[in-house]
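Have a look at the picture first, then read on.

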Amino acid sequence: MAGSNSEPDPSASLRVFGGLVKFFRKQAGLTQEEFAPQVGYSVESVASIEQGRRLPSGKFVDSAERVLDAGGALKEAAKYLERTKGLANWFAPWAKLEKTARCLWTYESRMIPGLLQIEPYARAIFEGRVPSLSDVEVEEKMIARGDRQELLASRPNTAYSFILEEHMLRKLMSSPEVHRAQLDHILTLAAQRNIEIQAMPQSRCHAGINGPFRLLETPEHQWRAYAEGQENGLLITDPAVVSMLQLRYARMRSQALSFEDSLSLLREIRGAT
């Protein structure tokens with residue numbers, strides 16, 4: 001996602017959460033240097049979280065809860081964290097809807113969708129931004145990206161559909177090694193029963209030629225759509241427009257390669273890289 005040019009000051013919820021981590025860490029008799037490797041983070045990251053300057057990922061919350069035997073206090077406090085840091089302002093409302101969606105459909109023609117990106121692929125995108133992002137901003141966006149990606153594992157009953165342009169699957173965004181690892185990751189995710197990947201052949205003119213878009217169904221069975229440009233995004237609630245995009249996506253599913261043929265194409269591209 002495109003990033004905003006400024007970020008809010010650390011929220012009170014972040015400072016409270018950081019203070020709780022520090023309290024339980026000290027209660028456990030651990031220094032930051034001893035605690036950091038046990039949760040799989042650097043000392044600098046732990047310090048930033050404890051100072052309320054960094055948004056913790058869901059992985060950190062779970063690991064800290066386990067290591068510090070916090071009795072559920074950290075998980076409870078994490079529910080009130082401001083999780084829009086690292087996300088573009090216009091994307092935050094959609095990211096909130098993603099967390100409870102019954103199904104999520106994504107058509108992308110520019111790059112591998114954020115939910116499917118591996119860390120080196122995402123980092124290459126953020127580090128290549130113009131104007132350049134600071135190291136802190138890059139890390140904030142990486143954390144936000146990782147937090148969103150946990151949806152794929154934490155919501156097995158949500159149906160995910162991705163239609164990806166073939167040319168995008170062939171494009172090297174970083175090194176050949178990263179490209180192969182990215183394709184391997186997509187193939188691994190496609191093995192999950194609730195994730196469907198389809199490739200759109202380069203030679204095919206299709207119903208989504210006007211550009212990328214996303215659709216989701218809320219727990220109340222309402223449908224929402226989202227479309228994004230260079231420095232803006234639009235959450236679409238107009239039933240007529242959402243219905244039109246549903247029809248387009250349905251047609252695109254029939255125009256794209258089948259799930260099995262798409263995986264075969266991914267393996268072929270992976271082998272040739």
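## Charges, shape and one histidine

Start with the charges: the chain carries 34 positive and 34 negative side chains, and the centres of these two sets sit 3 Å apart. Keep in mind that this is a predicted model.

Now for the build. You can count 13 helices and 6 strands in the chain. How does the radius of gyration fit with a compact globule? For 273 residues, such a globule would have a value near 19 Å, and the chain comes in at 20 Å, so the two agree.

Here are some overall values for the chain:

| Property of the chain | Value |
|---|---|
| Span of the C-alpha trace along the principal axes | about 60 × 45 × 40 Å |
| Accessible surface | about 13400 Å² |
| Part of that surface belonging to carbon and sulfur atoms | 52% |
| Buried residues, out of 273 residues | 49% |

What about contacts along the sequence? Take the ones between residues at least 6 apart in sequence: 75% of them join residues at least 24 apart.

Let's zoom in on one residue. His-179 is found in helix 11, which covers residues 176-190. Is His-179 buried or exposed? Its relative accessible area is 6%, and buried means under 20%, so His-179 counts as buried.

Which residues does His-179 touch, if you skip its neighbours within four places in sequence? The contacts are Leu-169, Arg-170, Lys-171 and Leu-172, along with Ile-269 and Thr-273.

Note on methods:
Residues are numbered from 1 along each chain as its sequence is written. This is a predicted model: local features need pLDDT of at least 70, side-chain atom pairs count only at pLDDT 80 or more; totals for chains, interfaces and linings use all residues. Side-chain values use heavy atoms; hydrogens and water are left out. Helices (H or I, at least four residues) and strands (E, at least two) are DSSP runs, numbered from the N terminus. Buried means under 20% relative accessible area, exposed over 50%, partly exposed in between (1.4 Å probe, protein chains only). Contact means heavy atoms within 4.5 Å. The radius of gyration is taken over C-alpha atoms; the globule rule is 2.2 Å times the number of residues to the power 0.38. Accessible areas come from the Shrake-Rupley method with a 1.4 Å probe; for residues, only the protein chains shown count as cover. Lys and Arg count as positive and Asp and Glu as negative; His and the chain ends are not counted. The place of a charge is taken as NZ of Lys, CZ of Arg, CG of Asp or CD of Glu.
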